[in-house]
Amino acid sequence: MKKILLTIISVLIILFSSVLIFHVFSDDSIEINLGGEKEDSTGDVMNEINESLLDENDEVKIGEMV
Amino acid sequence: MRKIWNMVIVLMLMVSIAPLAFADEAVDSTDEVEINDETQKQVEIMDVCVGSEIRLLQLEKSITKNIIKGEELVSILKDLEYNTTYLEAILAEFEFLKEEVMDADPNSTDAVQIFVDLKHDAVNLTKEFRDALKELLDDDTIEHLRERIREMVCEQAQNLSSKIQNKIKQFNRNQLHKLYQIMGENGSSFLNKYQNGTLTMEQVKQQIGKMVNQMTKEKRYEIFSQLKGNKIQKKIQAKICVQNATDGFQTRKESRLTNRLQKSENMPDNPINEEMQERIRNRLNGNDNAGTGGNGNKNQSGGGGK
């Protein structure tokens, strides 16, 4: 009897952990960023500058009529 | 033994409650609009007035282009003796939308919300027009029409383009001014030349690149960190604004539709106006497929169109 109960508990623990892990990995808002601290070259600075500027031909796309 | 049973019950409860807790977010979001990454990115510059002006002008330009192209398509179809009432009703609503974009205040604290709402409407109306054409015409004809209007030059849109380019120059100038301040340099002569059009953006960037190259590693890292920090701050701000824009989206949509319906009812009666009113009423009555009323019309026109 004890064995059965322990098995049930183990299964439930595994189930709960699975639900938790699935939620964490399927959530887009959780981003894991490994090592972005060493970017200090000129290229990286220029990339940041480029991202802060707008292309003069930039546009808001709403799709084509046909 | 009792303890073990208690544990089993607690674990079972936890397992059954967990999905409900995670699903809570999804239930709440049924009233919300899905905002894609592109819109999210576009909103990032709207923390300053000139950024909001740029986005609203760009939206106005895209709507103007689509109205002109839509009118051209309707004119071609009319020559081919198609019934174009439904398509014209969509264009009439597009005109209302354009007025709303032009009336939007870029200084408003709700500028992001307004932009998100009106862009959403513009995308939907464009899609409805495209879908209506698909029901009316075969693939070859659609391809032929696509080719015909691809190279269309829209004078109104071109006027808006130069206005937008000037605003973008102003925006970039402000950004570069902040950058020069971070670097502890005075770049006013370069910035003035850029705004006058004497220097291109690429040339200004080259000049900045040279300056960055001559800096010590520590200084470069300091600038990089500051730029990165500013970017993250902007992204967070944009995310908050977008989140605020999604709250009450449906209510605001109904209010916009009601306003358009009232405007349309105040106009002289004609088949296009009546069709537009029917489309709007359908959506207000919870039938999001605006084409339901119009579909009958389209089928009639499709059946005996040509």
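The second largest pocket of this predicted model has a volume of about 640 Å³. Its lining comprises 28 residues, and those closest to its centre are Glu51(A), Ser52(A), Leu53(A), Ile45(B) and Gln175(B). Both chains, then, are represented at the centre.

Which helices supply at least two residues each of that lining? From chain A there is helix H2, residues 42–52. From chain B there are helix H2 (37–43), helix H7 (155–183) and helix H10 (217–246). The largest share comes from H10(B), with 7 residues. In terms of class, the lining of the second largest pocket has 13 charged, 9 nonpolar and 6 polar residues.

Glu48(A) lies in the former, and Lys228(B) lies in the latter. The side chains of Glu48(A) and Lys228(B) form a salt bridge, with a distance of 3.5 Å from N to O, and this pair crosses between the chains. Glu48(A) also meets Lys231(B) in a salt bridge, here at 3.4 Å from N to O.

How many salt bridges are found across the interface of chain A and chain B? The rule finds 6 there, while the count over all chains comes to 26. Polar contacts between chain A and chain B, counted with both residues at pLDDT 80 or more, amount to 15 residue pairs.

H1(A) gives the most, with 11 residues. By class, this side of chain A has 19 nonpolar, 13 charged and 8 polar residues.

Next, the extent of the interface. In chain A, 40 residues are in contact with 63 residues of chain B. Between them the two chains bury about 4,700 Å², and 70% of that area is on carbon and sulfur atoms. Which three residues supply more than any other three of the area that chain A buries against chain B? They are Ile62(A), Met65(A) and Val66(A), which together supply 19% of it.

Note on methods: Residues are numbered from 1 along each chain as its sequence is written. Chains are lettered from A and ligands numbered from 1 in the order in which they are written. Side-chain values use heavy atoms; hydrogens and water are left out. On a 1 Å grid over the protein atoms alone, a cavity is a set of points where a 1.4 Å probe fits but cannot get out, and a pocket is an open set with protein on both sides within 12 Å along at least five of seven lines; lining residues have an atom within 4 Å of a point. Grid points are joined across faces, edges and corners, and a volume is the space filled by probe spheres set on the points. Helices (H or I, at least four residues) and strands (E, at least two) are DSSP runs, numbered from the N terminus. Ala, Val, Leu, Ile, Met, Phe, Trp, Tyr, Cys and Pro count as nonpolar, Asp, Glu, Lys and Arg as charged, and the others, Gly among them, as polar. Contact means heavy atoms within 4.5 Å. Buried area is the accessible area (1.4 Å probe) that two parts lose on being put together, summed over both. A salt bridge is a side-chain nitrogen of Lys or Arg within 4 Å of a carboxyl oxygen of Asp or Glu. A polar contact is a pair of N or O atoms within 3.5 Å; within protein, one must be able to donate a hydrogen and the other to accept it, and residues adjacent in sequence count only if both atoms are side-chain atoms.
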